Amino acid sequence: MAVWNSRGLRGSILEEMINLTNEKYREKKLALVQKIPTSIRPVQFDKTNRHITLAYFDQKSTVDYIGAVQGIPVCFDAKECASDTFPLQNIHAHQVAFMKDFEEQGGISFLLIYFSKYERCFYLRFEKMMEFWNRQFCGERKHFKYHEMEPEFEIPIKNATFIHYLETINQDLLVRKEKN
């Protein structure tokens, strides 16, 4: 079992921006996407302040978000990177397996990656993510770099609050259609 600690707060600004975006999408009836809470088992409590002080992750989580965009099932994970290099160890094998299964059921899986150094966010298509993921098992790098991101899948950040990813989902659908 993994221990819950402060590392779990990494990416919380990105997730808050995505949550605000998802709320706007829901209000406008464009999409219904929700954050999947990570199940924890509390072990220690501060009875005075009524806070959990120690907890363990109950089970491996799947992805951060799941829902539907105008009838299309989607699932994605939000990742943040402070440098030019994104370590593949930040994507877990059980997440990749879930995303692969989701794709096989006709859904769309992807990552939203925020490079905080550049204040830029990218939609990482499942197919491209798998290229990066698989090359590590061929003796190649166990990371990918900022410059390897597909520029046409950059997501505009509007009002420093919203991550509008619906347009990039549409681009992903067009790429998939062209390949079939």
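Reply: A definition is needed at the outset: two strands pair if DSSP finds at least two bridges between them. The model is a predicted one. In it, strand 8 and strand 10 (residues 154-155) run antiparallel and are joined by 2 bridges. Within strand 10, E154 is the residue opposite F122.

Me: Which strand does strand 7 run antiparallel to, and over how many bridges?
Reply: Strand 7 (residues 108-115) runs antiparallel to strand 8, with 6 bridges between them. One of the pairings puts F110 across from R125 in strand 8. The hairpin made by strand 7 and strand 8 has 4 residues between the strands, and there E119 adopts a positive phi near 55 degrees.

Me: What is the order of the strands in the open sheet?
Reply: The order is 1-4-5-7-8-10, which makes 6 strands with mixed pairing. Strand 1 (31-35) and strand 10 are the edges; each has a single partner strand, so one side of each has no neighbour in the sheet.

Me: How many bridges hold strand 1 to strand 4?
Reply: There are 5 bridges between strand 1 and strand 4 (residues 65-69), in the antiparallel sense. L32 has A68 in strand 4 as its bridge partner.

Me: Is strand 8 largely enclosed or left open?
Reply: Strand 8 (residues 120-125) is largely enclosed by the rest of the structure, because 5 of its 6 residues are buried.

Me: Turning to aromatics, how many aromatic pairs are there?
Reply: The structure contains 15 aromatic pairs. One of them is F115 with Y146, an edge-to-face pair with 5.0 Å centre to centre and 75 degrees between the planes. F115 belongs to strand 7 and Y146 to the loop between strand 9 (143-145) and strand 10, so this pair ties together parts 31 residues apart in sequence. F115 and Y146 are both buried.

Me: What sort of pair do F122 and Y146 form?
Reply: F122 and Y146 are also edge-to-face, at 5.9 Å centre to centre and with 80 degrees between the planes. Since F122 is in strand 8 and Y146 in the loop between strand 9 and strand 10, the pair ties together parts that are 24 residues apart in sequence. Both F122 and Y146 count as buried.

Me: Which residues form the aromatic cluster?
Reply: One aromatic cluster is formed by Y25, Y65, F76, F110, Y123, F153 and Y165. Over the ring of Y65 sits the charged end of K35, 5.7 Å from the ring centre.

Me: Now the helices. How much of helix 3 is buried?
Reply: Helix 3 (residues 126-135) has 7 of its 10 residues buried, and is thus mostly covered. Those buried residues are F126, K128, M129, M130, F132, W133 and R135.

Me: What covers them?
Reply: The cover over the buried residues of helix 3 includes helix 2, strand 7, strand 8, strand 9 and helix 4 (166-179).

Me: And A93, is that buried or exposed?
Reply: A93 counts as exposed because its relative accessibility is 52%, and the cut-off for exposed is over 50%. The residue lies in helix 2 (residues 93-104). A93 and T62 are 31 residues apart along the chain, and their C-alpha atoms are separated by 9.9 Å.

Me: There is a lysine at K79. Buried or exposed?
Reply: K79 is buried, because its relative accessible area is 9% and buried means under 20%. Its place is in strand 5 (residues 72-81).

Me: What is K79 in contact with, apart from its sequence neighbours?
Reply: Leaving aside neighbours within four places in sequence, K79 is in contact with L14, F86, N90, I91, Q95, L112, I113 and Y114.

Me: How many disulfides does the structure hold?
Reply: The structure holds 0 disulfides. As for individual cysteines, C75 counts as buried because its relative accessibility is 0%. C81 is buried as well, on account of a relative accessibility of 4%.

Me: To finish, what are the totals for the chain?
Reply: The chain comes to 4 helices and 12 strands. Of its 180 residues, 37% are buried. Its accessible surface is about 10,800 Å², and 52% of that belongs to carbon and sulfur atoms. Among contacts with a separation of 6 or more, 65% involve residues 24 or more positions apart.

Notes
Residues are numbered from 1 along each chain as its sequence is written. This is a predicted model: local features need pLDDT of at least 70, side-chain atom pairs count only at pLDDT 80 or more; totals for chains, interfaces and linings use all residues. Side-chain values use heavy atoms; hydrogens and water are left out. A disulfide is a pair of cysteine sulfur atoms within 2.5 Å. Buried means under 20% relative accessible area, exposed over 50%, partly exposed in between (1.4 Å probe, protein chains only). Contact means heavy atoms within 4.5 Å. Accessible areas come from the Shrake-Rupley method with a 1.4 Å probe; for residues, only the protein chains shown count as cover. Rings of Phe, Tyr and Trp (its six-membered ring) pair if their centres lie within 6.5 Å; planes under 30 degrees apart count as stacked, over 60 as edge-to-face and the rest as tilted. A charge sits over a ring if NZ of Lys or CZ of Arg is within 6 Å of the ring centre and within 35 degrees of the ring normal.
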